[in-house]
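Let us go through this structure by question and answer. Have the sequence and the model at hand.

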2 protein chains.
Amino acid sequence: MKQNIYDNPVFFREYISLRESGVTYNDFVEQPAIKSAISTLKNKTILDLGCGTGQFAKYCIENGASKVIGVDISRNMIEQAKKENGDKKIEYICSPIEDLELHNQKFDLIISSLAVHYIEDYTKLIVKVRSLLHENGEFIFSTEHPIVTARNEENNWMKDSNGEKLHWALDNYQEEGKREHNWYVDGVIVYHRTISTLINTLIDNGFILEKIIEPQSIPSGLEKMPKLVNERRRPSFIVIKSRMLR
Amino acid sequence: MKQNIYDNPVFFREYISLRESGVTYNDFVEQPAIKSAISTLKNKTILDLGCGTGQFAKYCIENGASKVIGVDISRNMIEQAKKENGDKKIEYICSPIEDLELHNQKFDLIISSLAVHYIEDYTKLIVKVRSLLHENGEFIFSTEHPIVTARNEENNWMKDSNGEKLHWALDNYQEEGKREHNWYVDGVIVYHRTISTLINTLIDNGFILEKIIEPQSIPSGLEKMPKLVNERRRPSFIVIKSRMLR
């Protein structure tokens, strides 16, 4: 059973209100990093895996992409995307990424923003991405950093009696697999994978690694969300840019 | 001033007695990993940066390498290497890696085992390695894992009142640079670099990444050194295998 927390009404309401605030980790840390990794969007055909409410799909079209397909497991998200970020060059599909079937279609660029950690079978994902890319096409994705997903327990900032952050607790690094978090609702499941698994699976499936980004906040984020200074202490995300060779 | 702790007599004595025990992280974790990353040694010319007492140089010759140059900053190490692991196909040179001059010589494989974290200027190292590699030559190195070098403070296993390890403390990840450790003697300096710096500097200088290994102990290590079970909790080392493309 694929996880679909985004159709949980409590989760969805909180998530949308967070995203609409414009004051999030996505706005100041993850999106600037993933956008900086893109060589060009001009005239590109793009597949966005885990497109959410379609902001990134719209951004691609605004920056010259010729076509975007956005895929998301959540009906709520896809409805919101069509409403807010509809465009004749964008097609939104409601489907788990794992079950996506796009017969005979191939893309210049496949993007996935903070969705890969929800997917249980990473190798299968990479094989699918490869089958959907033109030769020399780019695959760029962000995911929770293995430093952040490693420990079986939650609440990994260790604090002193005044609530000051002492350090980040890391453990269980080599034990890949399921981790349960609370994020608005209980039981949000992410899959921990090591850096070596994230990278080697790409290489073993015909990709070359072009860049790794462990992003920090952009300057305006540090003003509007002071806690983002903690991204210097440990990265929340990792962005991986790769290219399909053969 | 390049660091040369290995010519500190206290350090050297302790280090040699540790290595001679055959019961070390090198024996059970790092060396098996770095050896597993080598495609072949047969008829290869090899440069070993930070060769220590020459065990690995000798291993290369025993496995068919045609020639090895071993380089180490420590006169103690080089003397020991010549005594214990001398061979007519091995040349030992006493020099800081940073100052090494090998006019017009190029190698099929450059190896560096747990020396890169002592080198302050990583980019300069990579540029040098590139200049010493044949086209398509391999560069394989191990270094302390960024998870391990990140925190400014030492003693990063947090323990409960019974001495049980609770978790590994991580901090200061994005602050690259000098870290001071105690390892037999005070003031052993290593340089912390992020995963992205380790990888991207290679790619930016014409290497392709072939594999990352975050090694655990081989089974016999877990018997002889039970504490190696902790390598599952956080990796001590990272091994990076790359190839020079152009």
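**Salt bridges, strands and the interface**

Student: Is B:Glu210 buried, partly exposed or exposed?

Tutor: Buried means under 20% relative accessible area, exposed over 50%, and partly exposed in between (1.4 Å probe, protein chains only). B:Glu210 has a relative accessible area of 21%, so this residue counts as partly exposed.

Student: What kind of model is this, and how are its parts labelled?

Tutor: Residues are numbered from 1 along each chain as its sequence is written, and chains are lettered from A and ligands numbered from 1 in the order in which they are written. Side-chain values use heavy atoms, with hydrogens and water left out; local features need pLDDT of at least 70, side-chain atom pairs count only at pLDDT 80 or more, totals for chains, interfaces and linings use all residues, and the model is predicted.

Student: Which residue meets B:Glu210 in a salt bridge?

Tutor: A salt bridge is a side-chain nitrogen of Lys or Arg within 4 Å of a carboxyl oxygen of Asp or Glu. Here the N to O distance is 3.9 Å. B:Glu210 lies in strand S10 (residues 207–213) of chain B and its partner in strand S11 of chain B, so the pair ties together parts 31 residues apart in sequence. Helices (H or I, at least four residues) and strands (E, at least two) are DSSP runs, numbered from the N terminus. The partner is B:Lys241.

Student: How many residues apart are B:Glu138 and B:Lys241?

Tutor: Their side chains meet in a salt bridge too (3.8 Å, N to O). B:Glu138 sits in strand S5 (residues 133–144) of chain B, and B:Lys241 in strand S11 (residues 237–244) of chain B. Both B:Glu138 and B:Lys241 are buried. The two are 103 residues apart.

Student: How many residues of strand S2 of chain A are buried?

Tutor: S2(A) spans residues 67–72 and is mostly covered. S2(A) also pairs in the parallel sense with strand S3 (residues 90–94) of chain A. The buried count in S2(A) is five of six.

Student: How many residues of chain A are in contact with chain B?

Tutor: Contact means heavy atoms within 4.5 Å. 100% of the interface residues of chain A are also interface residues in chain B, so the copies meet through the same surface. The number in chain A is 31.

Student: Which residue of chain B meets A:Asp171 in a salt bridge?

Tutor: The rule finds two salt bridges across the interface of chain A and chain B. In one of them, A:Asp171 has an N to O distance of 2.6 Å to B:Arg233.

Definitions and conventions: Two strands pair if DSSP finds at least two bridges between them.
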